[in-house]
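Here are my notes on this entry. Please read them with the model open.

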Amino acid sequence: MDFLAGNMGWIEVVCGPMFSGKSEELIRRLRRAMIARKRVQVFKPVIDDRYSKDEIVSHSSQSIPSTVVNDGSEILKLLDWRTQVIGIDEANFMGPGLVEICNQLADSGKRVIVAGLDTDYMGRPFPPIPDLLAMAESITKTLAICMRCGNPAKQTQRLFESADLIVVGDAGMYEARCRACFEAGCSKQEYFPFARPQK
Ligand code: ADP
Ligand code: ZN
């Protein structure tokens, strides 16, 4: 995967819930590309400035410099065409145009590595990740640990009431849950029984 022959490009997708290690995996692949002396550019959407504006930062505090874009189309404008490897984090905030852009980049010989949430707070497929999965040569699904039961977790549980699709937040607002513990929308049980205030 790291050493493609000739000038062939391709698309790799890393998807899963929050806290599942998508950013860590993206950073790992990009660092390896840098070690292989590839020219690398990294992009993330303007919406996500939780930790830093000019870096991707994982929940485990690993980081790599990145450029903020408003949407996918800005990637083409800011791209140095000598770049060989392109990393894109939080792709679910990049808009529907991202699929065509990733295809164009891969067709022109770039290795495109895209990370993003595959489902939203209701458990629904989160555009444009499903279409990207269909177009990709390589797919990795990362799982987190369920904060309720410790099983492998594929869902992102929202812990507050809101019907908005996109509310940027972190631990305390969202947590990872497995299929059995996930409650679509907002979690109705705010406290574990043993943590409930005694009357
Ligand atoms: P993502 O990009 O998928 O949100 P990150 O790469 O930013 O994930 O962070 C992954 C790291 O988050 C893990 O290595 C671990 O240190 C931490 N973490 C926090 N909560 C969880 C959880 N419920 N399951 C797994 N890892 C967690
Ligand atoms: Zn669970």
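**Notes on the ligand and metal sites**

1. A backbone N or O atom of Ile 145 sits 2.9 Å from a nitrogen atom of ligand 1. The protein covers 75% of the 580 Å² of accessible area that ligand 1 has on its own. Bear in mind that this is a predicted model.

2. The side chain of Glu 24 places an N or O atom 2.5 Å from an oxygen atom of the ligand. For Ser 20, a backbone N or O atom is 3.1 Å from a ligand oxygen.

3. The shell around ligand 1 has 15 residues, of which Lys 22, Ser 23, Glu 24, His 59 and Ile 145 come nearest. α1 (22-35) and β9 are the elements that give two or more residues to it. α1 gives the most, with 3 residues.

4. Which residues hold the zinc ion (ligand 2)? Cys 146, Cys 149, Cys 178 and Cys 181 coordinate the ion through SG, at 2.3 to 2.4 Å. The donor spacing along the chain is C-x2-C-x28-C-x2-C. The arrangement is tetrahedral because the 4 donor atoms subtend angles of 102 to 117 degrees. Ideal tetrahedral angles are 109.5 degrees.

5. Cys 149 is in the loop between β9 (144-145) and β10 (152-153), and Cys 181 is in the segment after β12 (174-177), so the pair ties together parts 32 residues apart in sequence. Cys 149 is partly exposed, at 40% relative accessible area.

6. Overall, the protein has 4 helices and 12 strands. Buried residues are 48% of the 199. Of the contacts with a separation of 6 or more, 70% join residues 24 or more positions apart.

Note on methods. Residues are numbered from 1 along each chain as its sequence is written. Chains are lettered from A and ligands numbered from 1 in the order in which they are written. This is a predicted model: local features need pLDDT of at least 70, side-chain atom pairs count only at pLDDT 80 or more; totals for chains, interfaces and linings use all residues. Side-chain values use heavy atoms; hydrogens and water are left out. Donors are N, O and S atoms within 2.8 Å of the metal (3.2 Å for Na, K and Ca); water is not among the atoms, so sites may look incomplete. Four donors count as tetrahedral if all angles lie between 85 and 135 degrees; four count as square planar and six as octahedral if opposite donors are over 155 degrees apart and all others between 65 and 115; anything else is irregular. Buried means under 20% relative accessible area, exposed over 50%, partly exposed in between (1.4 Å probe, protein chains only). Contact means heavy atoms within 4.5 Å. A residue is near a molecule or strand if one of its heavy atoms lies within 4 Å of it. A polar contact is a pair of N or O atoms within 3.5 Å; within protein, one must be able to donate a hydrogen and the other to accept it, and residues adjacent in sequence count only if both atoms are side-chain atoms. Accessible areas come from the Shrake-Rupley method with a 1.4 Å probe; for residues, only the protein chains shown count as cover.
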